[in-house]
Amino acid sequence: SKIKELRSNFEQAQKNTDQSKHYAERELKQLISNNEDVKSDVLIEKLKEGKNIALVSDAGTPGISDPGEEIVKKCIEENINIIPIPGACAMVTALVASGLDTKEFTFYGFLPMNKKLRKAKLAEISENENTIVIYEAPHKLDSTLEDLKQVLKDRKITIARELTKIHEEFIRGNLENIEDKVSNIKGEFVLIIEGKKKESSGQDKFANMSLEEHYEFYAKEGLE
């Protein structure tokens with residue numbers, strides 16, 4: 001397999017990928033946010049030497065709201081070829097099973113921790129008519145749900161937990177009552193939230209008319 005040909009794997013978590021040590025000779029390194037600059041420089045040098053390197057994660061797709069993003073950027077700057085391999089992505093997996101509108105959505109990743117920036121981002125989200133997708137860590141879930149409830153009021157929400165893992169779970173409800181369903185819950189979370197209700201215009205009403213309604217409309221206008 002292609003994995004067996006790789007000499008190095010860079011990863012964010014080593015739980016599951018450690019199990020594959022028996023199937024490939026490689027040097028395992030852990031990439032975390034506070035050392036990504038150092039590790040990416042080492043990675044670039046190895047790639048320039050002609051080595052093949054895989055960026056993998058414990059579950060899901062690396063490079064989405066995680067340190068892998070910086071490695072991809074540096075590879076592009078150095079004209080190093082990147083081959084993405086399709087796989088499970090928490091954002092898409094959660095959205096598909098959320099039961100909320102999937103035609104248009106906005107992914108915000110993790111909300112800012114800085115209070116001023118967080119407040120501004122929540123205000124932006126409150127005006128967004130698209131379905132909202134947010135990542136959240138277990139120790140910040142309660143405070144984030146409270147912030148969302150204060151700003152978005154009683155919108156529909158689906159909380160997806162531990163996606164693609166043994167304890168995968170979908171918890172559905174409204175922002176007003178969802179906290180009661182996730183008390184002391186553990187895991188990694190994706191929050192899918194209903195967008196702002198769209199204000200219907202006359203043009204929208206016209207577009208949604210049936211053929212008979214169109215005929216009646218034109219008849220009243222004297223355009224039979």
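# Chat on a predicted model

Visitor: Which residues does Glu176 touch, leaving out those up to four places away in sequence?

Guide: Glu176 is in contact (heavy atoms within 4.5 Å) with Lys149, Lys153 and Asp154, when residues up to four places away in sequence are not counted. The model is predicted: local features need pLDDT of at least 70, side-chain atom pairs count only at pLDDT 80 or more, and totals for chains, interfaces and linings use all residues. Numbering starts from 1 along each chain as its sequence is written, and side-chain values use heavy atoms, with hydrogens and water left out.

Visitor: Where is Glu176 found?

Guide: In the loop between strand S7 (169-174) and S8. Helices (H or I, at least four residues) and strands (E, at least two) are DSSP runs, numbered from the N terminus. Glu176 has a relative accessible area of 46%, which means that it is partly exposed. The cut-offs are under 20% for buried and over 50% for exposed, with partly exposed in between, using a 1.4 Å probe and protein chains only.

Visitor: And what separates the C-alpha atoms of Glu176 and Lys153?

Guide: 7.0 Å, for two residues that are 23 apart along the chain. Lys153 sits in the loop between H6 and S6, just after H6.

Visitor: What is phi at Lys153?

Guide: About 65°, a positive value although Lys153 is not a glycine. Most residues other than glycine have a negative phi.

Visitor: Which residues of H6 are buried?

Guide: Leu141, Thr144, Leu145, Leu148, Lys149 and Leu152.

Visitor: How many residues does H6 have, and what is its reach?

Guide: 12 residues, reaching 16 Å from the first C-alpha to the last. That is close to the 16 Å expected at 1.5 Å a residue, where the expected span is 1.5 Å times one less than the number of residues.

Visitor: What covers its buried residues?

Guide: The cover of the buried residues of H6 includes H5, S5, S6 and S8.

Visitor: Core next. How many residues are in the largest nonpolar core?

Guide: 20, and those with the most contacts inside the core are Ile134, Leu145, Leu148, Ile157, Ile159, Leu191 and Ile193. A nonpolar core is a set of buried Ala, Val, Leu, Ile, Met, Phe, Trp, Tyr and Cys residues joined through side-chain atoms within 4.5 Å.

Visitor: Which elements give two or more residues to this core?

Guide: Helix H5 (115-126), strand S5 (131-136), helix H6 (141-152), strand S6 (156-161) and strand S8 (189-193). H6 gives the most to this core, with 4 residues. A second, separate core has 11 residues, among them Cys89, Ala94, Leu100 and Leu163.

Visitor: Back to H5. Is Ser126 buried or exposed?

Guide: Ser126, which lies in helix H5, is at 13% relative accessibility and therefore counts as buried. Not counting residues up to four places away in sequence, Ser126 touches Val151, Leu152, Arg155 and Lys196. A polar atom of the Ser126 side chain also lies 2.6 Å from the backbone oxygen of Ala123.

Visitor: What about Glu162, where is that found?

Guide: In the loop between S6 and S7. Glu162 has a relative accessible area of 16%, which means that it is buried. Its phi is near 50°, again positive in a residue other than glycine.

Visitor: Another helix. What is buried in H3?

Guide: In H3 (residues 68-77), Gly68, Ile71 and Cys75 are buried. Down the axis of H3 these buried residues fall within an arc of 55°, so they line one face of the helix. Ile76 and Glu77 are exposed on the other side of H3.

Visitor: Confidence. What is the mean pLDDT of the protein chain?

Guide: 81, with 75% of the residues at 70 or more; pLDDT is the predictor's confidence in each residue, from 0 to 100. Over residues 21-28 pLDDT stays under 50, and for that stretch the model has 21 contacts beyond four places in sequence.

Visitor: How many helices and strands in the protein chain?

Guide: 8 helices and 8 strands. The chain has 224 residues, of which 37% count as buried.

Conventions:
A polar contact is a pair of N or O atoms within 3.5 Å; within protein, one must be able to donate a hydrogen and the other to accept it, and residues adjacent in sequence count only if both atoms are side-chain atoms. The arc is that of the directions from the helix axis to the C-beta atoms.
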